[in-house]
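Subject: Structure handover, with notes on the salt bridges

Dear colleague,

Please find below the sequence and structure that I am passing on to you. My notes come after them.

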Amino acid sequence: MKTDFEVGQLVRSVITKDIGRVVHVDRDYYGARQAFKVYGAERGQALRPSSVNGIGPTKDGIRDRVRVRWYTNYSPDCDDLRIFDTALYMDGLDLLLMEEEGEQ
């Protein structure tokens, strides 16, 4: 199920576990609802564009592109903070919503 991100929500990165706040959302930016499929293909079989025999849903579907202002930097990849951009665009699939206090 697709998460509906809103500006101002707290999120956590699934990849680095960093915490940040959503500053912009581009709705339905990534992905597709359906794709050409090859049903009944056997292992090792060569597939060509003419092999398509159906249309089906995609695994991840449509996802949002979310710009997040990061407050933590748990990733050891970046030792020089001058090159670290604190507001990056992320695939909504790689983010988890955090419950804010008072929400039930």
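What follows is a short account of the charged pairs, starting with one arginine.

Please keep in mind that this is a predicted model. Arg-65 lies in strand β5, which covers residues 63-70, and its relative accessible area is 18%, so the residue counts as buried, the cut-off being under 20%. The side chain of Arg-65 meets that of Asp-26 in a salt bridge, with N to O at 2.8 Å, and this pair links distant parts of the chain, since Asp-26 is in strand β2 and Arg-65 in strand β5, 39 residues apart. Asp-26 is likewise buried, with a relative accessible area of 17%. Beyond its neighbours within four places in sequence, Arg-65 is in contact with several residues, among them His-24, Tyr-29, Tyr-89 and Met-90.

The count of salt bridges comes to four. One of them joins Arg-63 and Asp-91, whose closest N and O atoms are 3.0 Å apart; here Arg-63 belongs to strand β5 and Asp-91 to strand β6 (residues 87-91), 28 residues apart, and both residues are buried.

Arg-27 and Glu-6 form a salt bridge through their side chains at 3.4 Å, N to O, which connects strand β2 (residues 19-30) with the segment before β1 (10-13), the two residues being 21 residues apart. Arg-27 is partly exposed at 43% relative accessible area, and Glu-6 is partly exposed at 42%. Through shared partners, salt bridges join Glu-6, Arg-27 and Asp-64 into one network.

Methods: Residues are numbered from 1 along each chain as its sequence is written. This is a predicted model: local features need pLDDT of at least 70, side-chain atom pairs count only at pLDDT 80 or more; totals for chains, interfaces and linings use all residues. Side-chain values use heavy atoms; hydrogens and water are left out. Helices (H or I, at least four residues) and strands (E, at least two) are DSSP runs, numbered from the N terminus. Buried means under 20% relative accessible area, exposed over 50%, partly exposed in between (1.4 Å probe, protein chains only). Contact means heavy atoms within 4.5 Å.
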